[in-house]
Amino acid sequence: MYERKHWQATGLRALVAAMALTVAAPLLAQDATPAKAKDEPKNEPKNEPMSYDKARRTAEASLRLHPGTDSQYDYRPLWAGNADLDGDGRPEIIYLYTATQTGSATQLNELVVMTPLAEGDARGQTASPGKSAYDDETYALIRASGYADDAAVHIPGEMEAITMEGDRIRVTFNSTRNSKLCVRGKVACPPEGQHAWVYRWTPGKLTRAE
């Protein structure tokens, strides 16, 4: 039976500031573990709860894959949580991320579902091992976390709360005029005010349920 989970997004900006921690140290602090074992996916045991810190650090590892540019950089999670969306006894990770941006582009505000890595999963492998020390380290972190991004969708307003039940994710957010989270004229934006949109997750896809 699915367990209903709810997190309230209170003081997101203060939370982001408090999360200015490095992701590398906690995930790679496994000096007593043989080198080969370090690269194996560390999936959470079935039916075991996952901590907020684990979910956040896992999201941070994945966000290292986004290349920074002069106009878009500092990718970071605003919120992270987990729930067993498919009922297989292992939690999926759900997180919302943004980045520092300049110019008139729509502000990133992406809801992402992460799923456990399978043995030999391509999502945990760099295309050119040894070519880039940064890429090698990033994929080592992803393999150590045991998770990788599976599906994502843009949320066109400032998130207030997220509720998960079964394979459904309910996002409550506020849409405001002139917000860069939804640049009117470039994309279809919801009316101003509070909205609660429900998304259904299936492997590789997040679909809004009308």
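Trainee: Which conventions apply to the model and its numbering?

Mentor: The model is predicted, so local features need pLDDT of at least 70, side-chain atom pairs count only at pLDDT 80 or more, and totals for chains, interfaces and linings use all residues. Residues are numbered from 1 along each chain as its sequence is written, and side-chain values use heavy atoms, leaving out hydrogens and water.

Trainee: What span should helix H4 have?

Mentor: Helices (H or I, at least four residues) and strands (E, at least two) are DSSP runs, numbered from the N terminus. The expected span of a helix is 1.5 Å times one less than its number of residues. H4 comprises twelve residues, 52–63, and should therefore span 16 Å; its end C-alpha atoms lie 17 Å apart, which agrees.

Trainee: How many residues of H4 are buried?

Mentor: Buried means under 20% relative accessible area, exposed over 50%, and partly exposed in between (1.4 Å probe, protein chains only). Ten of the twelve residues of H4 are buried, including Arg57, Glu60 and Leu63. Arg56, also in H4, is buried with a relative accessible area of 4%.

Trainee: With which side chain does the side chain of Arg56 make a polar contact?

Mentor: A polar contact is a pair of N or O atoms within 3.5 Å; within protein, one must be able to donate a hydrogen and the other to accept it, and residues adjacent in sequence count only if both atoms are side-chain atoms. The partner of Arg56 is the side chain of Asp53, at 2.6 Å.

Trainee: How is a pair of aromatic rings described?

Mentor: The description uses the distance of the centres and the angle of the planes. Rings of Phe, Tyr and Trp (its six-membered ring) pair if their centres lie within 6.5 Å; planes under 30 degrees apart count as stacked, over 60 as edge-to-face and the rest as tilted. The whole structure holds three aromatic pairs. One of them, Tyr95 with Tyr97, is tilted, at 6.0 Å centre to centre and 40° between the planes. The rings of Phe173 and Trp197 have centres 5.1 Å apart and planes at 85°, so this pair is edge-to-face. Phe173 lies in strand E7 and Trp197 in strand E8 (residues 193–202), so the pair ties together parts 24 residues apart in sequence.

Trainee: Is Ile169 buried or exposed?

Mentor: Ile169, in strand E7 (residues 168–175), counts as buried because its relative accessibility is 0%.
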